[in-house]
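Below is a short report for a reader who is meeting this structure for the first time.

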Amino acid sequence: MIEVSDLRVRFGGVTPIDGMTVTFPAGTCGLIGPNGAGKTTFFNVLSGFVKPAGGSVTAFGEDLLRMADFRRARWGLRRTFQTEQAIEKLSLYDNVALVHEHSGQGRATRDEDVLGALGFVGLEQDPNTKVGTLGARDRRLVEVARAVVGKPRVVLLDEPAAGLPDEETQHMGSVIRRIPEHMGALVILVDHDMSLVSACCEVTAVLDFGKLIASGPTEEVLRDEQVMRAYLGTEEAA
Amino acid sequence: MSVATEPRPRSPLSPGRVSSGDARRAVVIVALLAFVLFAIPTLLSVFWLKVLTGAAIYSIVALGLGILMGRVGLVSLGQIAVLALGAWVAAKLFFDTGLPFPIVLLLSGLITMVLGTFVGLPALRLGGLYLALITLMMAGAITVVIAATDFPNGGPGFLAHVESSIGGGDQVRRPAIAETDPAYFRYTVIVTALMFLVALWHVRSKAGRAWEAIRQSEPAALAAGVNMTLYKLWAFALASFLTGVAGALLAANVGDLFNYQFPTSQNITLLAVVLMGGIYSLWGAVIAGLLFRYLPELLDSWNLPADLLTILFGIGVLQVLLTAPAGIVEQFPKDMARLGRAIGRLVGIGRSR
């Protein structure tokens with residue numbers, strides 16, 4: 001469980017997160033909102049790239065904000081990036097092993113864990129293939145494999161299906177749905193594809209201008225009038 | 001690499017293990033080393049052996065810079081100054097202690113590692129052009145200090161330098177088993193090979209993966225749990241260790257050291273040859289070493305002006321930046337293959353007529 005309380009982030013005169021209070025209980029939770037709502041900034045706060053001006057984030061009873069950024073992976077916080085960041089010059093295996101060896105996992109289980117993670121996301125290539133030779137879908141899957149290897153506790157997925165065709169988005173969705181059960185992690189999914197969000201997430205929170213405007217079961221949240229207004233800017237909901 | 005028809009090995013295949021490609025490469029390298037160690041000293045004159053000894057030494061320096069730039073993405077323009085530090089420390093150790101030669105090599109490497117890591121400290125906050133400038137300024141500062149105090153030559157006190165006319169002062173000793181120039185050439189080549197092994201081992205291990213992640217994307221590296229401070233300093237420490245060992249080899253190669261052997265401008269030349277050799281392959285450093293020490297002597301022996309070198313390097317760097325970012329080490333085989341195909345086509349046309 002992640003409890004966010006009165007989180008505030010300021011960049012000069014801009015306040016991308018303005019008093020955000022929300023709880024992500026368990027399983028796969030959605031986090032949606034129009035562009036610039038503060039979703040990625042929220043992930044960056046969790047990752048330690050951005051220091052908040054105030055508020056607190058408690059993850060499984062621990063104060064996440066007090067942890068050094070690089071130690072958060074060891075604690076079990078993993079993420080993918082909006083613009084995919086698989087390391088091109090490294091092989092599939094090394095990409096995933098990188099996270100494994102820096103998150104305090106023993107060498108003894110490395111082969112098993114790394115190959116397990118690659119299998120989990122459905123990457124069937126030779127693990128020695130360089131990531132630079134892969135296509136968009138596979139690179140995204142490498143990132144997801146990196147996020148689930150070892151013992152993840154919180155997995156942040158920042159638009160993991162952006163730019164993927166429908167069929168591949170479906171595969172991504174099936175992978176995401178299996179993470180909480182198979183890997184035992186809490187997943188927070190940010191995406192603009194509402195069908196992906198409703199297919200994966202039991203609960204969803206909605207951000208707009210850095211404030212939480214709705215949260216609850218995904219079905220209800222997506223029907224919420226305020227949410228539609230935030231997305232469409234008018235009341236003529238589709 | 002594995003053949004497509006084979007079932008993919010699911011179990012152990014951690015890439016640290018030796019593959020068949022690695023075994024083939026090892027055979028080629030051993031053969032090459034044997035040729036360099038046994039054939040070259042009988043083929044070349046003492047003058048050219050000394051030049052090649054220098055080329056081997058500077059290939060270690062190039063290796064250090066290549067790792068910083070090609071693997072971690074840090075540009076340092078202070079490596080020649082670090083080399084001077086290494087040579088200074090080694091000369092001091094040679095004159096003040098009776099330690100065996102290999103121990104002096106190791107100690108010079110370790111002490112230079114500590115000093116050189118300080119040169120790398122700004123890398124924790126700066127990158128790109130600013131880091132390059134800061135390291136270049138530090139190189140300048142180190143050069144100025146060494147110019148004022150000069151290298152140890154057996155004199156008294158901490159500086160161990162005695163002012164004297166040319167030829168005064170003592171020579172830095174060589175290892176007892178390698179006092180002649182051919183023997184010292186072999187000794188240097190073996191140490192150089194060991195340094196490349198140290199580098200290879202790093203690049204292929206946890207550190208190499210962490211560096212690769214840092215080079216492509218610092219956020220991704222952080223998110224993977226890479227301790228950025230540790231691994232950046234580690235890279236500078238490794239480069240400085242290698243360069244320190246090179247400094248000790250250099251001190252014993254030339255015998256007496258002078259500050260004009262380490263002009264600050266050489267830092268730029270080093271950057272140029274490292275780029276031309278190729279920063280993404282360790283072999284690039286070998287080519288860089290040859291470009292740095294062998295090419296100038298070659299031009300000189302053909303009675304060509306030294307300025308030509310600057311022009312050649314300028315063209316070379318332009319070529320690398322524009323068309324061949326991986327340097328000669330990757331471009332040359334490609335060009336040769338293209339040439340081979342072109343000749344094949346010509347011959348084919350000739351036959352058909």
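In chain A, β9(A) pairs with strand β10 (residues 211–217) in the antiparallel sense, over 6 bridges. Helices (H or I, at least four residues) and strands (E, at least two) are DSSP runs numbered from the N terminus, and two strands pair if DSSP finds at least two bridges between them. This is a predicted model, in which local features need pLDDT of at least 70 and side-chain atom pairs count only at pLDDT 80 or more, while totals for chains, interfaces and linings use all residues. Residues are numbered from 1 along each chain as its sequence is written, and chains are lettered from A and ligands numbered from 1 in the order in which they are written.

L207(A) stands opposite L212(A) in β10(A). The hairpin of β9(A) and β10(A) has 2 residues between the strands, and F209(A) takes a positive phi near 50° there. β9(A) also pairs with β3(A), in the parallel sense, and T204(A) in β9(A) is the bridge partner of G30(A).

| Strand pair | Residues | Sense | Bridges |
|---|---|---|---|
| β3(A) and β9(A) | 28–32 and 203–208 | parallel | 4 bridges |
| β9(A) and β10(A) | β10(A): 211–217 | antiparallel | 6 bridges |

In chain B, helix α5 (residues 128–149) has 22 residues, which at 1.5 Å a residue should span 32 Å; its end C-alpha atoms are 32 Å apart, which agrees. The expected span is 1.5 Å times one less than the number of residues. Among the buried residues of α5(B) are L131(B), I134(B), M138(B) and I142(B); buried means that 20 or more other C-beta atoms, placed from the backbone, lie within 10 Å of the residue's own. The buried residues of α5(B) pack against α3, α4 and α10 of chain B. After α5(B) comes D150(B), with a positive phi near 60°.

The axes of α7(B) (residues 206–216) and α9(B) (residues 228–254) come within 10 Å and cross at roughly 105°. The two helices α7(B) and α9(B) are therefore roughly perpendicular to each other, a term for angles of 65 to 115 degrees. Residues of α7(B) including W211(B) and I214(B) meet residues of α9(B) including Y231(B) and W234(B).

Finally, the contact between the chains takes 29 residues from chain A and 23 residues from chain B; two residues are in contact if their C-beta atoms, placed from the backbone, lie within 7 Å. On the side of chain A that touches chain B, α3(A) gives the largest share, 7 residues.

Technical notes:
Axes fitted to C-alpha atoms, helices over the stretch in contact; angles between N-to-C directions. Parallel < 35°, antiparallel > 145°, perpendicular 65-115°, else oblique. Buried ≥ 20, exposed ≤ 12 C-beta atoms within 10 Å, placed from the backbone.
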